[in-house]
Amino acid sequence: MKEEQKTEKKENADFFKKVEALGLKQAQLEEMLYTMYLIRRFERMADQLYAAGKVHGTMHLSAGQEAVAVGLGLAVQDDDYLVNHHRGHGHFIAKGADVNLMMAEFLGKENGYCRGRGGSMHIADVEANNLGANGIVGGGFPLAMGAGLAVQMQKADQIVLGIFGDGSTNEGVFHESLNMAALWKLPVLFICENNKYGMSMDVEQVIAKLPIAQRADAYGIPWELVDGNDVVAVFDVMNKAVAHVRAGNGPYFVEAQTYRYFGHSKSDRNLYRSQEEIAAWREKDPIFRFRAALREANLITEETADELNEKANGVIESAVEFAENSPEPNVNTLMEYVYA
Amino acid sequence: MPTPFIMPKFDMDQETSRIINWVKKEGDPVSLDEVVLEVETDKVSIEVPAPASGILAGIQYSDGDEVPVTTVIAYILKDGETLADIQPETPTDTKTADTVEYQQKQVTIPEQKITPVAQRMAVAHQIDVGELVVAGKKITKADVEGFIAENQGNNGVLRLSATPAARRLGREKGIELAEIVGTGPGGRIQLADVLEYQKADASVTHKTAVVHNEHQPELISLEGMRLKIANRMQASFQEAPHISLSMEIDVSKLETLRHRLNRIATKEDQNKISMTALIVKVVAWALAKNRYLNSSLQGDVIKIWPDVNVGVAVALEEGLIVPVVRNADKKTVSVINSDIRNLVEKARQGNLELDDIRGGTFTISNLGMFGIHQFRAIINPPESAILAVGAVIRKPVVISDQDDIEVRPIMEITLSADHRVIDGAVAAYFLQDLANGLESPEILMY
Amino acid sequence: MPEMTYLEAIRSALQYEMRQDERVFIIGEDIGVYGGAFGATFGMLEEFGPERIRETPISEAGIMGAATGAALVGMRPVAELMFMDFVLLALDQLANQAGKARFMFGGKATVPLVVRMPGGSGSGAAAQHSQSLESILMHFPGIKVVNPSTAYDAKGLLLSAIRDPNPVVFVEHKLLYKTKGEVPEEEYTIPIGLADIKREGRDITVVANNIMVKKTLAVAEELAEEGIEVEVVDLRTMRPLDVGTITSSVKKTGRLLVVHEACQTGGWAGEIMAIVSAHDAFNYLDAPMRRLAGADVPIPYNRLLERAAVPQEEDIAREIRAIMSNKY
């Protein structure tokens, strides 16, 4: 018992030191917790709206993976380009998207990010350099590489964040794009969000050699693994990776290992994994862990943490109100936006 | 080896013929001598019979095509033959593909006679004429209509094959397409068919368009022979400026002559001589003396024919037909008489052959039997004149310088002549000779 | 006006636009020293350097996606696929990404890219290097498809394509590369979406694209001597289709033949006929509409078989005569 307390105390001390070393201020830490709550609330609400029959299509929820989004979001510039996969709500929120417009898009409304044409799977905000989520697994690899090519030719200081799941790394374009990005030293940060399952397939069933990130070796791209449920660790790794890329050293590859609580999509009955496995990952819940660490290190009070959760709750509820009160697209505008 | 079907040559100086209409279509059964297509030379239009019995296939030319004579225009396939059996100079491979279809198709070769209109309707509606229930000895239009109404249903509304363009014009002009015989594949009505119909029937169409009548008119479709007559008469009347000259003829001597000849005929057990035969004889004699009346205007050339071939208009149910008495000027009255009898009989039977109706150089139309005193006829192209003969009426005439009046058999004749070829005086000379011959037939002995 | 080949006209357009718009760059396989498989970019590496004459690994999806990503971020890439057949490797990037980005993102993205690709048979390149796939590409909303038949049209249309704010598939035909025509040195554009009546005629409308235009024009001369006046409509742009030119011509002639090299089943001839069928022009048809298309067979290697697989001049002539004489 004493031993355990001692270890815990040491961990708390380490956490404090780490946070300090990373230069994370109190306000930033609170903001990180708040954003994680906000993402979790958004995903929970999405699930509820679906259950209430208010959502037309399917969706891919990222609850459980919030640390990756938030750790990354804090490490990048606002005008860096983002090319995302279809479980992307969290990354957009973490990069500063307006949850009202996201929710409106989620409900297919005219004033959503994509005027109701894209929905959950294709949320984008091109003006904010958010180049959109992709419904095609792996579809974003060449786009991220191409955006990197443009940035390089334009001699801009932005970088491109290419976020993708474990499953997509078995697509041919993964290899084509990594090769070309490495060949031309393009400013692309490849972020593999490994949540263990490609739909129902365990990474161990579909990838011949793990970890996934070691595939970057084939293209001479530096890589790193990180605990995707540890937001501070994610921030730490992303910080280094972003610096590497922005300095013109070419691409970098980060694999964040995490877990999704919800099924792949709304048709998923979780037949491929056990309740025990889900429960075990819930023990390592990124929000719970971060809040506990902050508490232990006396960096936040119980009350403040609860307030942040409540605040996130309120923001999401008002986002739903905004979305529900938003107009449907006019059917007469069906043919608009196909061509410029 | 399939029998080649060549474009026949009809006249010495003829180089080409234009196809007016394929009566039979690709894949139709045809029997020897059955009419397969209608063509026209620069002189006449002619129905061309099949050179053999079998299936018509490999048609090489379409309606409207100008084809050199002796060119192969189609083939007749006998049982088991295909177009592929044709040696050298075979048509293209697409035809071979078609042939397979013909072989597979069971076609009943009609044994019964069929009117041209009925035949065309049957083709247009893809009806196997062997299946028709026939009221008379010949298949008629009514038989085909009945069959269609029974088998194709739609409350008797005929399903027409017509191109969209033809349908549009029909709609725009208020033309019933059912009245038109199509010249397209399978009898499909083409735009040109509607335009042709509209042209031929312009006046009728205008009238029906303005007349408001609670009683619906009976509609008689302008087709087949009727359509041909309509077109020919209209063309003739429009192209040839007609002049008409009339004369009253005292036929006392002609009647006397007729009675005398008839006595001989009776004795020899021959048919009685008709007034028409006598008139043909005298007309032929007068034509030989007035050769401008025995001519055709073609382009800017007047062709004066050496032979005097007198056509005699015969009224049939389907319309007028003009069988020809050849070399009438060289024949005796009794030969002319039997020629006419034979031709009229053949016409009534629908058995006239090409040779019976082509090559006329002058036409006589006699409506006397209907009590018509006088009328003007329209020239039968490409001829230059026609004689309209009225009834013989007994009426008082002044017969002497002392104004003595006597009742005589009088027949009024009216000559219509193409003024482009025949001046009034020329026509008058002819009429004078004709009157002399008719009033004093003995002078023909000279 | 100088005469140049179709290939030179394409190069001339590329050079012109790269000189005056620094956002334009070319990306593709073997386009540098080699000059591209057919020589379209020959000599351009010297003038524009390896940044803008961007040679790639053999990664068609990568090329297509790189162009799409770069276009989303403000560049005007011109991608080259060595053969049209290879667009199938890049189709996700072209159809799902480039073609849909604008719409999916509510009209807030623009994807100004061109992807050039030589199609067509006749060079003995066999089944995987000879296809005409424009029918497939026309199917995707968000993409424009052009296919010039002459050197003049090639230059004018390529300049329009590069300046167009949408993804434009620019289909070239291998057998047209060496054909010559008068092409102005200076700049001119031909609007995308405009068909061109290459020959006027009263009897029958033949709608064709790229090399079939050339073949049909030759046939039209021959048929004119027989008294058949063929109107040849060169679509030039496959999407968006110039419906007005097609239907006006059909209304004028009353007959329609559509000729394309692409395989018949699912080929674009069906689209043209469907358009006419549903249009007032239908009421002017005096014969069934017909199509003459590539056989539903992969392009064979053997010269005779290859020739037989796609419409040739004699086939076009035969088909026109058949329609004119109502014998099909």
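Start in chain C: Glu186(C) sits in the loop between strand S8 (180-182) and strand S9 (196-199) of chain C. Helices and strands here are DSSP runs (H or I over at least four residues for helices, E over at least two for strands), numbered from the N terminus. Before you go on, note that this is a predicted model: local features need pLDDT of at least 70, side-chain atom pairs count only at pLDDT 80 or more, and totals for chains, interfaces and linings use all residues. Residues are numbered from 1 along each chain as its sequence is written, while chains are lettered from A and ligands numbered from 1 in the order in which they are written.

Still on Glu186(C): is this residue buried or exposed? Glu186(C) is exposed, because it has 7 other C-beta atoms within 10 Å. The cut-offs, with C-beta atoms placed from the backbone, are 20 or more other C-beta atoms within 10 Å for buried, 12 or fewer for exposed, and partly exposed in between.

Next, show chains C and A together. Here 36 residues of chain C are in contact with 37 residues of chain A, where contact means C-beta atoms, placed from the backbone, within 7 Å. On the chain C side, select helix H3 (60-72) and helix H4 (91-104), the elements that give two or more residues to the side touching chain A. H3(C) supplies the largest share, 10 residues. Colour that side by class and you get 17 nonpolar, 15 polar and 4 charged residues. Nonpolar covers Ala, Val, Leu, Ile, Met, Phe, Trp, Tyr, Cys and Pro; charged covers Asp, Glu, Lys and Arg; the others, Gly among them, are polar.

Now 11 residues of chain C are in contact with 11 residues of chain B, and the chain C side has 4 nonpolar, 4 polar and 3 charged residues.

Go to chain A by itself. You'll find 12 helices and 8 strands, and 52% of its 340 residues are buried. Pick out helix H3 (residues 66-75) of chain A: 10 of its 10 residues are buried, including Glu66(A), Val70(A) and Leu74(A).

Which residues touch the most other members of the largest nonpolar core? Select Ala147(A), Leu161(A) and Val115(C), out of 222 residues in that core. A core is a set of buried Ala, Val, Leu, Ile, Met, Phe, Trp, Tyr and Cys residues joined through C-beta atoms within 7 Å. Zoom in on Ala147(A): beyond its neighbours within four places in sequence, its contacts include Tyr81(A) and Leu131(A), as well as Gly69(C) and Leu72(C). A second, separate core of 52 residues includes Val280(B), Val312(B), Ile321(B) and Leu343(B).

That brings you to chain B, with 12 helices and 20 strands. Of its 446 residues, 35% count as buried. Look for the open, antiparallel sheet of 4 strands in the order S5-S4-S2-S7; strands pair if DSSP finds at least two bridges between them. Its edges are strand S5 (45-49) and strand S7 (66-68) of chain B, each pairing on one side only. Finish on strand S2 (residues 16-22) of chain B, which pairs with S7(B) in the antiparallel sense over 3 bridges.

Definitions and conventions. Two residues are in contact if their C-beta atoms, placed from the backbone, lie within 7 Å.
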